[in-house]
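Please read these notes with the model open beside you.

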Amino acid sequence: MKRGYLSEYFEGVAVKRLSAVEAHPERSNQHEFDGVQGLRQILGESKGKQKFDAKFIYLSDSDAEPVVADGFLTWYDARERHPSRSEYRLYFPTTAVSQCAAEGDLLVIGKRPSGAMLVIVAEQGSTIERQIQWLFGFSDLTHPGFSVKSEIETDQTRLEFASRFILEQLGIEVENRDETWLETLLREFEGTFPGTRVFSAFARNTMKEVSPLDDPDAALLAWLEREEVLFRTLERHLIADRLRRGFGDDPDAFIEFSLSVQNRRKSRAGSALENHLEEIFVQNKVHYSRGQITENRARPDFVFPGISEYHDPKFSAARLTMLGAKATCKDRWRQVLAEADRISEKHLLTLEPGISENQTSEMQSKRVRLVVPAGIARTYSTEQQGWLLKLTDFIGLVLSRQ
């Protein structure tokens, strides 16, 4: 098993679309998946019933959090005693996840290196459905049975930014730290977390070979990845140190500490994206204002060429541009609609791979145009890519207007 590859997290994966009977087993009392012969490549052909611990997860664009349930899968040959025939079946129990499922939803069964199973149901037509198909490399799911990959490790499945993003949506935390940086980090920041701007600047300074002038798209992703590695390396050390000291008999102190870790991760991710974008704009001599009020207390992430021009009624609105920066979209993209009334077309930079065509079509209808770094844009369809702007394209646009 190679580090940094999809095979580090999955030994085999099978994908299909749910049939009506599978999505509504209560109607037929059939709690079994159809078309499972291909699963023999992953689950084997041993005698007797095999029971696998399983985590079930349901994902959709409308739910802020996934529906998760623990359970099991049972794999067996219903004709085990027949001298020449076999008929394998895969039994699943009723869970909160199975109760959410609908006909046509994407079903993914993945075998983890531990031997446990991950069962994912993704809403048909959703962004996460598209992301999962891209991650595992499945495109044609028109036939009724499972499409199976029992050999995950290939050059094409080496984990990059988009791959890690999707795995984390599935509740899989990707190992993304480098202990060789720990001593430097502890010395630089004296065993604490610095402010987000300071940490972002430090991350950039460790990659002086990266040029935001030659390739802004690549620079943004490289800086973000390096900051993530440094952050997780320092975070792991500080968390371990706090856990060693313990919380005594105060469970509230532990809960408070846990929440602070989660909140710091979320706030840092958004701040890092804005920090690195700002540096790219500075290096490319783009005029901008960051986080300034337009109307009704709205604060777009960036206004070009600046907030004074925005509030000057004599300055042509045709030369104004705004950019929201959101690592993930879901329904959060709608927030930019209420920002910068003078600017009719909103721009939104996101790091989210493979957003569904349904969602990008709605964005287009609302005059929101996505800006997606080149390394992530390839996860979108050819038609979508014709509408997307790369970061380099966006910089060219605002420079032409200033």
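1. A cavity is a set of points, on a 1 Å grid over the protein atoms alone, where a 1.4 Å probe fits but cannot get out; lining residues have an atom within 4 Å of a point. Grid points are joined across faces, edges and corners, and a volume is the space filled by probe spheres set on the points. The structure has 1 cavity of 30 Å³ or more. The volume of the largest cavity is about 100 Å³.

2. This is a predicted model, in which local features need pLDDT of at least 70 and side-chain atom pairs count only at pLDDT 80 or more, while totals for chains, interfaces and linings use all residues. Residues are numbered from 1 along each chain, and side-chain values use heavy atoms, without hydrogens and water.

3. The largest cavity is lined by 14 residues; Phe33, Phe92, Ser98, Ala101 and Val121 lie nearest its centre. Helix H1 (20–23), helix H3 (96–100) and strand E7 (117–122) each give two or more residues to this lining. Helices (H or I, at least four residues) and strands (E, at least two) are DSSP runs, numbered from the N terminus.

4. An open sheet of 5 strands runs in the order E9-E10-E11-E12-E13, with mixed pairing. Its edge strands, E9 (289–290) and E13 (368–371), each pair on one side only. Two strands pair if DSSP finds at least two bridges between them. Strands E11 (residues 321–326) and E12 (residues 346–350) pair in the parallel sense over 4 bridges, and Gly324 stands opposite Leu348 in E12.

5. Asp250 lies in the loop between helix H8 (216–245) and helix H9 (251–283). The C-alpha atoms of Asp250 and Leu18 are separated by 46 Å.

Note on methods:
1 Å grid on protein atoms, 1.4 Å probe; cavity = no way out; pocket = protein on both sides within 12 Å on 5 of 7 lines; lining within 4 Å.
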